Amino acid sequence: MTSPIYAAYHERTKASAENYDQARQLMPGGTSRQAAFWLPYPLTIERGAGAYFHDIDGNHYLDLLNNYTALVHGHAYPPIIKAVREQIGRGTCWAAANEPQIKLAAAIVDRVPSIEQVRFTNSGTEAAALAFTIARIVTGREKVLMARYGYHGSLHEFEIGSFGNSGMLTFLARYNDLADFEAVLETHGEEIAAVFLEPVLGAGGIVCGDEQFLEGVKVAAHKAGALFVLDEVLTLRFGVGGCQGDMALEPDLTMLGKIIGGGFPVGALGGNRDLLKVFDADDMKVFHSGTFNANPVTMVAGEISLRELTAGRIEQMNRLRQMLQSGLNDIAQKNSLPLAINHYGSCLNIFLSESIPDSPIVRADEELMDRFHVACLNHGLFIAPRGMVALSTVITEEDIAAALESADAAMRDVAAESG
Ligand SMILES: Cc1ncc(COP(=O)(O)O)c(C=O)c1O
């Protein structure tokens with residue numbers, strides 16, 4: 001029997017399907033971004049404004065993912081668009097300095113306690129590469145330790161760890177298990193240049209790091225002579241000074257990305273002057289460059305994105321996430337579907353199971369989740385295929401109420417197919 005959920009998706013999204021057929025001829029798997037792909041094919045989005053976007057078949061969606069947290073003020077946020085338009089009119093990039101980079105760097109240094117200086121990149125992945133390079137130079141060691149199912153971008157050494165595999169240069173330990181990290185550092189400490197950790201696992205399913213665990217890993221890393229790198233690419237949105245501000249955690253190096261670009265490609269590595277001086281022409285150990293690094297368009301957008309992310313707005317997003325979460329629990333119960341939710345701040349991760357698995361990539365509810373995701377799209381609700389939600393500052397209580405209606409309809413469809 002064909003699934004009514006998938007049949008409805010095909011019926012509503014014919015132009016997206018055609019685009020996918022064409023894209024597959026031109027790009028492997030039809031995409032350049034695996035996290036933005038799902039079966040049977042991803043939607044082609046034409047435009048977005050505020051909390052909503054529209055696909056090329058004319059359907060509109062409440063966007064509860066916000067480009068995996070990057071669009072903290074939603075789509076086409078008017079203050080950012082206005083400033084970017086003005087900047088574009090003056091040129092988009094040049095091989096010389098610009099003023100917006102100073103403003104964004106100052107905003108980051110102001111907000112994040114452990115950061116004295118920053119080096120900009122075009123992605124979080126590149127920020128991880130830079131942190132790894134510094135750690136190798138400073139320690140003379142070659143390897144890295146990270147959490148199993150942690151995520152630090154798509155550099156091979158880190159990407160394998162996000163799938164739960166160790167490698168030639170990659171050691172793994174269990175998240176929130178200090179003894180496991182200590183054991184690896186005790187046995188292999190002399191090979192490990194740095195320990196990388198997210199304060200809250202993002203791709204790993206919005207798992208909050210225990211504060212004693214995070215601090216304990218830092219102490220163990222230092223004891224082994226390794227650097228402690230905190231990945232705040234996703235988590236900076238959770239507090240004015242990121243998670244480290246709220247958790248009073250002081251890493252050696254901090255990776256940033258997503259919201260500091262205001263919707264444009266970005267990454268950054270922050271830390272103290274002593275570590276970052278490897279890039280300084282006065283004492284250069286690393287020739288770090290990039291054609292679009294710190295381009296003024298991204299810098300202008302990022303500075304506004306940060307400036308407008310106030311403590312009050314963070315609090316408001318947290319409140320709406322709570323409202324969404326309790327509503328989801330109610331409707332799952334009503335539809336007799338199992339539901340378990342991980343959350344932190346303005347993000348949550350849905351699992352259609354009684355308990356939470358080790359990671360969204362080793363879940364028993366994969367088939368059910370795939371159907372729920374597509375059913376949500378059929379009812380105009382956009383979430384990540386793996387069940388992740390990230391709110392934005394422009395989402396209102398009315399939007400959350402609408403989201404719950406859509407999720408209810410989607411759960412009814414799923415329950416009908418399962419029953
Ligand atoms: C915690 C974390 N680190 C690093 C990255 C990689 O950033 P980018 O996609 O900009 O390369 C991501 C992206 O999702 C992330 O969530």
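How much accessible surface does the chain have, and what share of it belongs to carbon and sulfur atoms? Here are some friendly notes on that and the rest of the fold.

1. The accessible surface of the chain comes to about 17900 Å², and carbon and sulfur atoms hold 51% of that area (Shrake-Rupley method, 1.4 Å probe). Please keep in mind that this is a predicted model, where local features need pLDDT of at least 70 and side-chain atom pairs count only at pLDDT 80 or more, while totals for chains, interfaces and linings use all residues. Residues are numbered from 1 along each chain as its sequence is written, and side-chain values use heavy atoms, with hydrogens and water left out.

2. The secondary structure comprises 14 helices and 16 strands (DSSP runs: H or I of at least four residues for helices, E of at least two for strands). With a radius of gyration of 22 Å, close to the 22 Å from the globule rule for 419 residues, the chain is as compact as a globular protein of that length (C-alpha atoms; the rule is 2.2 Å times the number of residues to the power 0.38).

3. Of the 419 residues in the chain, 55% are buried (under 20% relative accessible area, 1.4 Å probe, protein chains only).

4. The domain assignment, automatic or from a database, gives domain 1 as 4-76 + 310-418 and domain 2 as 78-307. Between these two domains, the contact (heavy atoms within 4.5 Å) takes 29 residues from domain 1 and 26 residues from domain 2. The C-alpha centres of domain 1 and domain 2 are 27 Å apart.

How values were computed:
Buried < 20%, exposed > 50% of the residue type's maximum accessible area, 1.4 Å probe, protein only.
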